[in-house]
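Some questions and answers follow for a reader who is new to this structure. Each answer gives the grounds for a term.

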Protein chains: 2
Amino acid sequence: MAIEIERKFLVNHDLWNELDKPIPNFLKQGYLSTNPEKTLRVRATDDKGFITIKGKTQGMSRLEFEYEIPKDEALALLDNFTEQNIEKYRYLITHKEKTWEVDVFQGANEGLIVAEIELSSETEAFDIPIWAYMEVTDDPRYYNSRLSIKPYSSWQ
Amino acid sequence: MAIEIERKFLVNHDLWNELDKPIPNFLKQGYLSTNPEKTLRVRATDDKGFITIKGKTQGMSRLEFEYEIPKDEALALLDNFTEQNIEKYRYLITHKEKTWEVDVFQGANEGLIVAEIELSSETEAFDIPIWAYMEVTDDPRYYNSRLSIKPYSSWQ
């Protein structure tokens, strides 16, 4: 159990393309529950699986419970229980001693690049990289659970 | 991942009361999703916790994924994410070399005693104990997920 505090920004594609980047991890994830008060996510990474239950976002904070499971079971859960899955490449980018997770979405969410930083308190100071141009922490359209139902390509 | 095949019977209270019984395990469980196509159960036993995802029942069979988690996290999940929890004493009763799980429900489901046997195939033969008097495998009212929403005491 943990309290997850994170802030989320859109990424400028041109500046992102110019950046030196590490090898990303490919993530496939889906939602057994997209209820924002109790989201249940199943995720498969390159070599692991996870079940994550998240509570309602309050400000920037959210209660989170995460459990590692075998990758093949995560894929079986996605096959059996979720309909529209999210696929994205995740890059870990270090900027001013902080790690940013930058998600480059694929499939129905292609065109969307989102950067997240996890904080230890809501008031923690941090530097926003030049390639992160607009904060969307409070915008529910960018919740991954919402993107699985209403993907970026379907937006007006 | 497993296929769960089980049959469920109501238990005669008088015959049950006369039986020699082992010490039961106390189970507290709730549902983050009661959707019968993807039930998500959190359970705390005397010393462990579990997250279990079950698929739709087809005949007597059901796809099941179960993961052990720390008991204190199971209790925190129940506190934070479920409203009406089920509490029951579970007795493991051996009858003709098979183990029956007999659940004596408490709280809003008090008065209900249900026995379940897990089988390795739908056609496996087994002996029904004298204290198990009526099969309810196919009756959705007795699904634990349903009992958490519409408890026995609220039935007409």
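Q: Which residue of chain B comes closest to the rotation axis?
A: In this predicted model, B:Ser33 does, with its C-alpha at 3.6 Å from the axis.

Q: What makes the relation between chain B and chain A a two-fold rotation axis?
A: Chain B is superposed on chain A by a rotation of 180° with 0.0 Å of shift along the axis, at an RMSD of 0.0 Å. The two copies are therefore related as by a two-fold rotation axis.

Q: How do you know that the copies meet through the same surface?
A: Of the interface residues of chain B, 100% are also interface residues in chain A, so the surface is the same.

Q: Which residues does A:Leu32 contact, leaving aside its neighbours within four places in sequence?
A: Contact requires C-beta atoms within 7 Å. A:Leu32 is in contact with A:Leu40, A:Val42, A:Phe81 and A:Thr82, and also with B:Ser33, B:Lys38, B:Leu40 and B:Ile53.

Q: Which members of the largest nonpolar core touch the most other members?
A: The core has 26 residues, and those that touch the most others are A:Leu32, A:Leu77, B:Leu32 and B:Leu77.

Q: Why are the buried residues of α2(B) said to line one face of the helix?
A: Helix α2 of chain B covers residues 71-81, and its buried residues are B:Ala74, B:Leu77, B:Leu78 and B:Phe81. Seen down the helix axis, these fall within an arc of 105°, so they line one face. On the other side of α2(B), B:Asp72 and B:Asp79 are exposed.

Q: Why is B:His13 called partly exposed?
A: A buried residue needs 20 or more other C-beta atoms within 10 Å, and an exposed one has 12 or fewer. B:His13 has 13 such neighbours, so it counts as partly exposed. B:His13 lies in helix α1 of chain B, residues 13-18.

Q: How far apart are B:His13 and B:Glu110 in sequence and in space?
A: B:His13 and B:Glu110 are 97 residues apart in sequence, and their C-alpha atoms are 12 Å apart in space.

Q: What does the UniProt annotation "domain: CYTH" cover in chain A?
A: According to the unreviewed entry, the annotation covers residues 2-149. Over residues 2-149, chain A is 16% helix and 48% strand, with the end C-alpha atoms 26 Å apart.

Q: What is the mean pLDDT of chain A, and how many of its residues reach 70 or more?
A: The mean is 94, and 100% of the residues of chain A reach 70 or more. The model scores ipTM 0.84 and pTM 0.89.

Note on methods
Residues numbered from 1 in each chain as written. Chains lettered and ligands numbered in written order. Predicted model: local features only at pLDDT ≥ 70, side-chain atom pairs only at ≥ 80, totals over all residues. Least-squares fit on C-alpha atoms with pLDDT ≥ 70 in both. Contact = placed C-beta atoms within 7 Å. Helix = DSSP H or I, 4+ residues; strand = E, 2+ residues; numbered from the N terminus. Arc of directions from axis to C-beta. Core = buried A, V, L, I, M, F, W, Y, C linked by C-beta atoms within 7 Å. pLDDT = per-residue confidence, 0-100. UniProt positions renumbered as here; feature names shortened; annotations may be inferred.
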